[in-house]
Amino acid sequence: MSEIQDAVDAVQEIAVEVSPAPVEFNRVTSATDVKARLDWGEPALTIIDIRDRQSFNEKRIMGAIQASSEEAMARVQQTLEADRDIYLYGASDAEAKQVAAQFDAAGFKRVAVLEGGLPAWDAIGGATEGRNAEPNEVSPGFVKNVTES
């Protein structure tokens with residue numbers, strides 16, 4: 001039995017050494033960090049676009065949900081777990097920080113602002129969708145997260 005345990009321990013050590021580490025969760029984060037997390041394939045995160053519906057329909061981060069109205073915000077707050085990692089972006093970082101404070105007040109524990117919003121996401125070649133989104137490569141980790149979340 002100890003030989004089997006030794007083999008399992010050895011495999012786990014190797015897996016830790018060759019597996020990319022997840023990005024640390026920060027209250028304000030870069031598009032690069034969010035994309036790295038998606039590329040890594042780490043599940044259990046939600047990206048929320050707090051811009052108006054028209055802007056959301058034109059172009060958004062692939063897989064993002066829209067919550068610009070109070071009704072939509074209430075619906076999101078009722079459906080997401082309090083410990084879920086939430087990344088917000090809006091028309092400005094200041095706007096996203098205000099909404100993050102609302103999530104904090106509602107009891108959410110892991111809310112972050114995606115610094116620079118959609119322009120920052122575009123600058124690193126992050127996947128987008130919508131009427132004005134240009135086709136770009138979707139990372140395999142992102143597809144996995146969207147289908148499993």
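In the protein, 65% of the contacts with a separation of 6 or more are between residues 24 or more positions apart, where a contact means heavy atoms within 4.5 Å. The model is predicted, so local features need pLDDT of at least 70 and side-chain atom pairs count only at pLDDT 80 or more, while totals for chains, interfaces and linings use all residues. Residues are numbered from 1 along each chain as its sequence is written, and side-chain values use heavy atoms, with hydrogens and water left out.

Seven helices and seven strands make up the secondary structure. Helices (H or I, at least four residues) and strands (E, at least two) are DSSP runs, numbered from the N terminus. Their order along the sequence is α-β-α-β-α-β-β-α-β-α-β-α-β-α. Of the 149 residues, 36% are buried; buried means under 20% relative accessible area, exposed over 50%, and partly exposed in between (1.4 Å probe, protein chains only). The protein has an accessible surface of about 8600 Å², and carbon and sulfur atoms hold 52% of that surface. Accessible areas come from the Shrake-Rupley method with a 1.4 Å probe; for residues, only the protein chains shown count as cover.

Two packed helices are described by the angle between their axes and the distance between the axes. Helix α4 (residues 70-79) packs on helix α5 (residues 93-105) at an angle of about 45°, and the axes are 11 Å apart. Axes are lines fitted to C-alpha atoms, for helices over the stretch in contact, and angles run from 0 to 180 degrees between N-to-C directions. The angle makes α4 oblique to α5, because angles under 35 degrees count as roughly parallel, over 145 as roughly antiparallel, 65 to 115 as roughly perpendicular and the rest as oblique. In this contact, Met73, Val76 and Gln77 of α4 meet Val99, Gln102 and Phe103 of α5. By class, the contact of α4 with α5 has four nonpolar, two polar and no charged residues. Ala, Val, Leu, Ile, Met, Phe, Trp, Tyr, Cys and Pro count as nonpolar, Asp, Glu, Lys and Arg as charged, and the others, Gly among them, as polar.

Aspartate 104 lies in helix α5 and is partly exposed, with a relative accessible area of 29%. Leaving aside residues up to four places away in sequence, aspartate 104 touches Arg27 and Val111. Aspartate 122 belongs to helix α6 (residues 117-123). Its relative accessibility is 31%, so aspartate 122 counts as partly exposed.
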